[in-house]
Every structure is written in structure tokens, then in C-alpha cells.
Amino acid sequence: MVNIRQMKRYLVLAACFLCMLQVGAVTGYRSITMDDGLPANTVRNVVQDKYGFIWLGTDNGLCRYDGMRVQSYHIDEVGANQYISALTVDDQGLYVGTERGVFHFCLEQGRFERLPLDILSTVTSLTEDKEQNLWVATIEQGAWCYDRKTGNVRHFEFNNINGAVTQLLVDKDNQVWALTNRKTPVVQRLNRLHDTFEAVTLQTSLDARGLALLQTRDGRMWIGSWNDGLFLLHDDGRAEQVLSPAESKVGSHIHTLYQWKDDCICIGCDDGVICFNPATRQWHRLFEETTASLSDRFVYDIASDNEGGLWIGTFYGGVNYVSPVDRRFEAGLQG
């Protein structure tokens, strides 16, 4: 349990952390790897808690970074396989997705508690709706909805796609969307009246199956596909390809989409971070015209902190941090 003295210490560390991250261009970019204490160099998830600490989900455990050191946390119930596949935060702590279910980590008590979900496959996505229900996607067993207030659980099997849900997204209207990378229908949407997911018919001759689904601030929906780049979903069902790997030579195997600014969708893929302007549809690679570079070109997750810094989880190179006051960062995003 975290006492008041410890909590004050954490808050002081968090303040120091934020100050350190804004000291300027000299220290505005760095990578954090196993040499700095990470248990693995594959970082699949990056989130920030309410105190400002950065949490990293790696292939060998959960970590917290306070700006100076990495602290690892072990989930005893999952044994030797500490693979962390999904993260999301709440007011009390964070939810942690693994290959053996979902756990809630309480910041105050410093312990993990398993949620009552009969999950036997890898968790691929965690998100909350406006009623504070936790939505959980898995790669083989469909999806669960966990009511945090009552403890009630609903299971959606997704038999039409063999249970393979790669991402769940709750849009601004509290509608739940599901994406798959296995077969059609590629996108399904929850019918709340009948409490079932229904296929969204996509008008495209290309392959929109993928891992990443995004709603931008203007309400538009985007799919980051595995084979055919970035798609914009129109209200009439058209899935318009707006970034083609065949033509641009970038954007293959998209792992994540993140809207950093109104004029910048960050595409994390096997070609690094691609900065795509949804208005002009122009793109450029992060750091393409600077001397800086990512620690690895295979990008798995992108997130920003409360100060606007960018965190980039990679497959081989740990996590990269880029300060919003770093000149290289600005040069890389203006294009």
C-alpha cells in the first residue's frame, strides 16, 4: 500500500520527470532499452497514468518509467510468460492485457487483481465506453464487455471471423466498433438495441483487414491495414485508400494509428512513423530530413504525454521519447 509520504514522493518525482523532459533540444530525444532496465526491447504499449508516470507493456513484463529509472512489475498469476499485450488507464490504476486474461493494477495498493473473464487467448485491445464498461478484444475468443460497477460480463464470440478481434474502438457517440485482420467482415459495429455486432459493408476491392482503427477529432474513421496502407471510411460505405504502400513505398504492416495534431495522423508501421496530413493527404517520415533516427523501424505503439511529448514503442529498440521542444521533432513533423 502506498502511504501519503510515498505518494508525495511520487508526485515530486513526476514533477521532476516533466521538467527533465522539457529541458530543450540537447536532451529532447532518447531511447530507453534493456540497457536502461527494460526487461525486453519489444514495447507494444505506452500509457501515462494520472500521476504522470509512463507505463510500458513489453514482451517480458510491465514497467513504469519515472524519467530516471525503469521499475518492473511481475504478475504472479501468469507465471513465466509476462507478455503484456494491451494497456489502458483508469482513475485507480491501469488495466493490463496478457495471454492469460486481464488484470487491474491498483496504484495505491500496488497489486494486481484478475478480472472475472474466461480468457484463454491473447488480449489485443482494451478500451472503455462512456458508461465505464471495459471492452476487451482477443485474437481467438472475440470480445468481452465488463461492467465495472456491477461486475456483469457479456461475451461476444464473433464466430463469423473466428473470434479474431484485433481492435475495439469506442467512438465519440459511444458506439463500439470492432476490427479484424483475419477475414470478412473487416469492420463490425455494435447494435445496442439487440446487443450484437453487425457487419459494416465496405466498398473496396482492396484488402482493408488490419490491426489499427482510429477516429480523428473531426469524427472520421480510419483503418490502418496490414497489406494495403491507410483507408478513410466514408458514410456511404466506401473505404478509400489514401496511402498506398505500392505507390508511396511506405505504410506497409500498420500496427497503430495516433492523431498527434489536427494535421498529423501518426502511422506506426514496419517503415517507422509516417506523418500523414488528413487534409492535404501529404505524408513524410518522422526524422526523414534530420540527423536523428528511431532506435528501430518496426513501430508498435505511439502515444503522447501530458506535455505533448511523443512516445514510440518499437519491436527491437525499446521505446523512443521525443520532446515537444526538440528542434529535430519540429523539423520531422512539419515536412
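This is a predicted model: local features need pLDDT of at least 70, side-chain atom pairs count only at pLDDT 80 or more; totals for chains, interfaces and linings use all residues.
The side chain of E128 forms a salt bridge with that of R148, with N and O 2.8 Å apart. This pair ties together distant parts of the chain: E128 belongs to strand 10, R148 sits in the loop between strand 12 and strand 13, and 20 residues separate the two. R148 also has a relative accessibility of 23% and so counts as partly exposed.

D90 itself is found in the loop that runs between strand 6 (86–89) and strand 7 (93–98). Its relative accessible area is 9%, so D90 is buried. The side chains of D90 and R148 are joined by a polar contact of 3.1 Å. A polar atom of the D90 side chain also lies 3.1 Å from the backbone nitrogen of Q92. Apart from neighbours within four places in sequence, the residues in contact with D90 are Y95, H104, E128 and R148.

The strand that holds E128 is part of an open sheet. Four strands make up this sheet, in the order 10-11-12-13, and their pairing is antiparallel. Strand 10 (123–128) and strand 13 (153–156) are the edge strands, each pairing on one side only. From one strand to the next, the twist averages 15 degrees. Strand 12 (residues 143–147) runs antiparallel to strand 13 and is joined to it by four bridges. In one of these pairings, Y146 has V153 of strand 13 as its bridge partner.

What makes strand 4 (residues 61–65) largely enclosed by the rest of the structure? Five of its five residues are buried, so the strand is largely enclosed. G61, C63 and Y65 point one way from strand 4, while L62 and R64 point the other way. In general, side chains in a regular strand alternate between the two faces of the sheet.

Strand 4 pairs with strand 3 (residues 54–58) in the antiparallel sense, over five bridges. Here I54 stands opposite Y65, and the two strands form a hairpin with two residues between them. Strand 4 also pairs with strand 5 (residues 70–73), again in the antiparallel sense, over four bridges. L62 has Y73 in strand 5 as its bridge partner. This second hairpin has four residues between its strands, and G67 in the turn has a positive phi of about 95 degrees.

The model contains 13 salt bridges. One of them joins D36 and R30, whose closest N and O atoms are 3.2 Å apart. D36 is partly exposed at 34% relative accessibility, and R30 is partly exposed at 31%. Another salt bridge links R238 with D236, at 3.0 Å between the closest N and O atoms. R238 is partly exposed at 36%, as is D236 at 44%. The disulfide count, by contrast, is zero. Among the cysteines, C145 is buried at 2% relative accessibility, and C269 is buried with a relative accessible area of 0%.

Conventions: Residues are numbered from 1 along each chain as its sequence is written. Side-chain values use heavy atoms; hydrogens and water are left out. Two strands pair if DSSP finds at least two bridges between them. Axes are lines fitted to C-alpha atoms, for helices over the stretch in contact, and angles run from 0 to 180 degrees between N-to-C directions. Buried means under 20% relative accessible area, exposed over 50%, partly exposed in between (1.4 Å probe, protein chains only). A disulfide is a pair of cysteine sulfur atoms within 2.5 Å. A polar contact is a pair of N or O atoms within 3.5 Å; within protein, one must be able to donate a hydrogen and the other to accept it, and residues adjacent in sequence count only if both atoms are side-chain atoms. Contact means heavy atoms within 4.5 Å. A salt bridge is a side-chain nitrogen of Lys or Arg within 4 Å of a carboxyl oxygen of Asp or Glu.
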